[in-house]
Amino acid sequence: MADEEHPAVTNFRNYIRIKTVQPDPDYDGCIEYLRGQAQELEAELQVVECVPGRPAAIMTLLGGDPSLPSLLLNSHTDVVPVFPEHWKYDPFSAHKDEKGDIYGRGTQDMKCVGIQYLEALKRLKKDGHKFLRTIHLTFVPEEEIGGADGMGRLVEMDVFKKMNVGLALDEGYSSPTEKIEVFYGQRSQWKTTITCKGQPGHGSQFLPNTAGEKMRRVINSFLGYREEQLQKLKNNPNLKLGDVTTINLTVLKGGVQTNVVPAELYADFDVRICASDIDTFEERIQAWCKAAGEDVLYAVKQKIMIKEQTCVEDGKNPWWDAFSAACKKENVQLEKSIFPASTDMKYIRRAGIDALGFSPMNHTPRLLHDNDEYLNEKIFLRGIDIYYSIILNLASLKPF
């Protein structure tokens, strides 16, 4: 007879089957599922709408001294779109193969972590542990489209401010090696649009001052800096992706037909700015636009400025000391990094709250947002063991 599946794995697979996929997530089905989890955990549950139709679930386990800053365990409920024709199995079937690999959108990003929190807490309570500090679990919407209508709104609400959060945990990355990265900051994302206006006319001429000429200069400037940053990363083995600025040309628009020189062209760039660039990057954009010619304009549609970082030096931050001690107890090899992409912790850190990004998924290929995203059940279960120690240490941290 086949071994009976671990109940935590069953819970995880059931969560994956809820289609909280953008752009039309089943948030109602998700909240109903989480309501059942809260009842099993015997946690207080609040459901608040960050904006209409975008609910967040907040579970609370009161600590022995509720006046102390609390521990926040955050995860997001939405997942990115899929291309089912490129998957081995239905991306919402949570199919488990003979190796124990569980396939599904959200297995890595980040429904695994949400369930690992819950299962670790269930086990802690079953083992009779009491917590000095209050623990909150937040399951928030809309992270995969920037989080402005999820955690971005939630941190501004009275219900969040009353939670008195001292430290937040959130997602990290899977790792193909033994080491697991812990993220203490992140880069700033700027969605930048460049508009080049120029002389229109017939496509058979050498017209002066065209939008195309200006756009070529702009693209050369942006992608030239991209190459500089790439070489900087390649030439310094001590640097990681989060330590440099990335630029990618993502959209080009303009023109009406082949034989008409357009009056305007547009380009969108996805820019992820490292901390050392954040104060000077807008000056770079201005200089590149000026060098390209007259009537070259820029607009930053999303301008996130993130300078805040959590202290991860031993002996200088009790939260970090408690976290790292738990990881050491579990023989977890940590690698400190700046998160190269974006998570909801940008809103938490800007609120002045310490935050760490961490997903206990080593020996796992990085497949978030990719086809055939999966997580092995043994890695998933090991993550619960790791969170067991982490949560116990953090929720038991004495006043400082």
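In this predicted model, the sulfur of C311 lies 16 Å from the closest cysteine sulfur, that of C327, which is too far for a bond. C311 is partly exposed, and its relative accessible area is 27%. Across the whole structure, a search returns zero disulfides. C196 likewise takes part in no disulfide, the nearest cysteine sulfur being that of C289 at 7.3 Å. C196 is buried, with a relative accessible area of 0%, whereas C311 is partly exposed.

Two surface patches were also examined. A patch of negative charge on the surface is formed by D24, D26, D28 and E49. Of these residues, E49 belongs to strand 1, which covers residues 44-51. The relative accessible area of E49 is 48%, so this residue is classed as partly exposed. Membership of a patch calls for over 30% relative accessible area, and E49 has 48%.

A nonpolar patch on the surface consists of L223, L249 and L252, which together have about 230 Å² of accessible area. L249 lies in strand 10, made up of residues 246-254. With a relative accessible area of 31%, L249 is partly exposed.

Conventions:
Residues are numbered from 1 along each chain as its sequence is written. This is a predicted model: local features need pLDDT of at least 70, side-chain atom pairs count only at pLDDT 80 or more; totals for chains, interfaces and linings use all residues. Side-chain values use heavy atoms; hydrogens and water are left out. Patches are made of residues with over 30% relative accessible area and no salt bridge: like charges are joined within 9 Å, nonpolar side chains (Val, Leu, Ile, Met, Phe, Trp, Tyr) within 5 Å. Accessible areas come from the Shrake-Rupley method with a 1.4 Å probe; for residues, only the protein chains shown count as cover. A salt bridge is a side-chain nitrogen of Lys or Arg within 4 Å of a carboxyl oxygen of Asp or Glu. Lys and Arg count as positive and Asp and Glu as negative; His and the chain ends are not counted. The place of a charge is taken as NZ of Lys, CZ of Arg, CG of Asp or CD of Glu. Helices (H or I, at least four residues) and strands (E, at least two) are DSSP runs, numbered from the N terminus. Buried means under 20% relative accessible area, exposed over 50%, partly exposed in between (1.4 Å probe, protein chains only). A disulfide is a pair of cysteine sulfur atoms within 2.5 Å.
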